[in-house]
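I opened this entry to keep track of what I looked up, going from the whole chain to single residues. The notes follow the order of the look-ups.

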Amino acid sequence: DPREGAARSAAQALSSLADPRLLTNREARRAAVAAFSAPNYRAELNPLFDRTYAYLTQILEAPRRGGGVVLQMTPLGYRVEAFSSRRATVAIWQVTLLATPERAPIAAWSTSRAELVWSGGRWRVKRFGTDTPGPVPSVTAPAATAAPADFVAAAQAFSPFAP
């Protein structure tokens, strides 16, 4: 199904951006953007992600000190909002997990939108829209939560599934 293919491409692009290496490695950011974006959109995306990851690095502090960072995005579902043989707009419902040894871990539930174009025989991101909250489920947590450093160590002991 071409609609599902567009949605899968959008989800893979978003998931690829949730990589702790991108916080401090400009070349890795460029490679990630080049892998999923339309060539004429890279000049807009690269500086956007440079600013975004610089901001995250500043508030997290862990990357500067060489501490561990957990940054993962898991797509939960999609909605194709517009579709033709050459263009698609897809909403991805996702949860993003962010933790460092010094900060309490968070899970952010959001919906991201991506505009895609058919280019070079596959779907590529042309533009990302503004994320919107949720839907957000109620969360049931155990009475005793792990210390931030213990959470990071436990989370890093798992390998993520490929999107």
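**Whole chain**

I began with burial: of the 163 residues in the protein chain, 34% are buried. I note here that the model is a predicted one.

Next I went through the secondary structure, which comes to five helices and five strands. Read along the sequence, the order is α-α-α-α-β-β-β-β-β-α. I then looked up the radius of gyration, which is 17 Å and close to the 15 Å that the globule rule gives for 163 residues, so the chain is as compact as a globular protein of that length. For the extents, I noted that the C-alpha trace spans about 50 × 35 × 25 Å along its principal axes.

I also looked up contacts. Among those with a separation of 6 or more, 59% are between residues 24 or more positions apart.

On charge, the chain has 19 positive and 12 negative charges, and their mean positions are 7 Å apart.

**Salt bridges**

How many salt bridges does a search of the whole structure find? I got eight. Side chains of opposite charge can pair when their charged atoms come close. I followed up some of the pairs.

I took Arg21 and Asp19 first. They form a salt bridge, with the closest N and O atoms 2.5 Å apart. Are the two partners buried or exposed? Arg21 is exposed, at a relative accessible area of 59%, whereas Asp19 has 15% and counts as buried because the cut-off for buried is under 20%.

I then turned to Asp50, which forms a salt bridge with Arg29, the closest N and O atoms being 2.9 Å apart. Asp50 lies in helix H3 (residues 42-60) and Arg29 in helix H2 (residues 26-36), so this pair ties together parts that are 21 residues apart in sequence. I checked burial for the pair and found both Asp50 and Arg29 buried.

Asp50 also meets Arg30 in a salt bridge, at 2.7 Å from N to O. This pair again links distant parts of the chain, with Arg30 in helix H2 and Asp50 in helix H3, 20 residues apart. Arg30 has a relative accessible area of 22%, so Arg30 falls between the 20% and 50% limits.

**Two single positions**

I looked up Gly5 and found it in helix H1 (residues 2-16). Its relative accessibility is 26%, which counts as partly exposed. I also took the distance from Gly5 to Gly77: the two are 72 residues apart along the chain, and their C-alpha atoms are separated by 13 Å.

Where is Ala146 found? I placed Ala146 in the loop between strand E5 (132-133) and helix H5 (148-156). Ala146 is partly exposed, with a relative accessible area of 45%. From Ala146 to Tyr53 I noted 26 Å in space, C-alpha to C-alpha, for a pair 93 residues apart in sequence.

Terms used
Residues are numbered from 1 along each chain as its sequence is written. This is a predicted model: local features need pLDDT of at least 70, side-chain atom pairs count only at pLDDT 80 or more; totals for chains, interfaces and linings use all residues. Side-chain values use heavy atoms; hydrogens and water are left out. A salt bridge is a side-chain nitrogen of Lys or Arg within 4 Å of a carboxyl oxygen of Asp or Glu. Buried means under 20% relative accessible area, exposed over 50%, partly exposed in between (1.4 Å probe, protein chains only). Helices (H or I, at least four residues) and strands (E, at least two) are DSSP runs, numbered from the N terminus. The radius of gyration is taken over C-alpha atoms; the globule rule is 2.2 Å times the number of residues to the power 0.38. Contact means heavy atoms within 4.5 Å. Lys and Arg count as positive and Asp and Glu as negative; His and the chain ends are not counted. The place of a charge is taken as NZ of Lys, CZ of Arg, CG of Asp or CD of Glu.
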